[in-house]
Amino acid sequence: MAKLKVALYWAASCGGCEIGQLQIGEKILKLVEVADIVFWPVAIDVKYKDVEAMPSKSIDVCLFNGGIRNSEQEHIAKMLREKSKVMIAYGACAYGGGIPGLANLFNKQTIFDRVYLETPSTLNNDHTVPQPKTKVPEGELNIPEFYDSVKTLRQTIDVDYVIPGCPPEERTTWLALEALISGKLPPKGTVITHNAKAVCDDCSRKRDVKKVKKFYRTFEMIPEPEICLLEQGLLCAGITTRGGCGAPCPQANMPCTGCYGPVAGVIDQGAHFLSAVASVIDSNNPEEVRKIIDDIRDPVGTFYRYSLPDSLLGRARIK
Amino acid sequence: MSFEPKIVGILCNWCSYAGADLAGISRKKFAPNVRVVRVMCSGRVEPAFVLKALQSGADGVLVLGCHPGDCHYAEGNYKAARRMPLLKKMLAQMGVEDERVRLEWVSASEGDRFASIVNEMTEKIRQLGPFNHNGGGANG
């Protein structure tokens, strides 16, 4: 059998997905037995023009991590789609927009103003901000155009599978790679995990009645180790998040933040999480409810930690 | 052409839908801008319904339920009363004006109240203008 050709790319992401890929450890030797890596900017020196020269559909699998923040990422995503038989959105950013997707609370103008003009450590008397085109004596220079919104990979190109996580757990990555190596691929569109139910299904904490009088941030309390974190007033996204990760965060006394995306059947993870959180508030008195809600300082950042671009509204409205 | 607000009304079966019915039977005049969706209880209204309405082109969403203590299912409207403030707090972060989403209690006997809420909300949203769907920049 000819070796599989694999490409890996990063767009608007942090590099954690590459660490996630390496976490398969010595299994990577099994991978290179059956696959050749033809493009991987973080590790091997293959240029864009080399990829451009590859025939259409000559790459068997592309693992694409990161959201689409600028024109370069969009261009490469479209190019890799054209060159690849199977396109996989790898990690929370490609899937739902991820942490960079929270920039959809702002737009290009407000981000540039903040980053290049307003930050206290910035001295920029000429008010220089990056321009897609700059004229210098030697000619015209181009850099990618920065977009107003972060988009998910699925909003940009046709995607065959999703491997969720921030970064994906080793077991999830390997589950997908095994399927690819064996050729036993699930139906198109599948989010590949060990469990399509919620993280709670993987979590060993005891669950009883959820009635919460006060929400805490993680630094404000040391949770009891056996009882459901949400019942203790921590905003744990386990109830709304796809399992399969093995619930490592709740087991380490940290609430789930939702990186595996919504449970099967849910289209808007944040709205679902918000609904559940509001439902467990133990009060029918509007004043008291308001006070309890005041403890949730950053609803968008809490409920849509990894999925703002993929949400129903997608981004904040800015006039 | 002048702007006519599109408002999605999500009304509970037992009180508010009957209240809206009463407004009609009593031949009250009120703004025709609310498109009514009947649900069994305001406690059935998931925040995603409101977001879906806004995403699909509504300029405002009006959720109506039974007065506190009157819920047919005892507690459903209290659930709505907990969800909507949290949803509105989140919508404020998303740049959605407070008046675009509203939760009110309308009983089966309050046809007048239904008509006046609809009129009031329609006027508010007419002043606000259409719900803007972009990020305010040139490239989306």
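Start in chain A of this predicted model, at the meeting of two domains: nine residues of domain 1 of chain A are in contact with seven residues of domain 3 of chain A. To colour them, select 4-99 + 149-182 for domain 1 and 199-298 for domain 3; domain 2 of chain A takes 100-147.

Helix 5 (92-96) and helix 7 of chain A each supply at least two of its residues, and helix 5 of chain A gives the most, with three. By class, this side divides into four nonpolar, three polar and two charged residues.

Next, select helix 7 of chain A, residues 170-182. Its 13 residues reach 18 Å from first C-alpha to last, close to the 18 Å expected at 1.5 Å a residue. Now show side chains for Thr172(A), Thr173(A), Ala176(A), Leu177(A) and Leu180(A), the buried residues of this helix. Look down the axis of helix 7 of chain A: the buried residues fall within an arc of 130°, so they line one face of the helix. Their cover includes helix 1 (16-22), helix 2 (27-34) and strand 3 (59-65) of chain A, along with strand 5 (84-90) and strand 9 (161-163).

Finally, bring in chain B. Here 33 residues from chain A meet 27 residues from chain B. Select helix 9 (269-279) of chain A, which provides the largest share of the chain A side, seven residues. That side has 19 nonpolar, seven polar and seven charged residues.

Terms used: Residues numbered from 1 in each chain as written. Chains lettered and ligands numbered in written order. Predicted model: local features only at pLDDT ≥ 70, side-chain atom pairs only at ≥ 80, totals over all residues. Helix = DSSP H or I, 4+ residues; strand = E, 2+ residues; numbered from the N terminus. Nonpolar A, V, L, I, M, F, W, Y, C, P; charged D, E, K, R; others polar. Expected span 1.5 Å × (residues − 1). Buried ≥ 20, exposed ≤ 12 C-beta atoms within 10 Å, placed from the backbone. Arc of directions from axis to C-beta. Domains from an automatic or database assignment.
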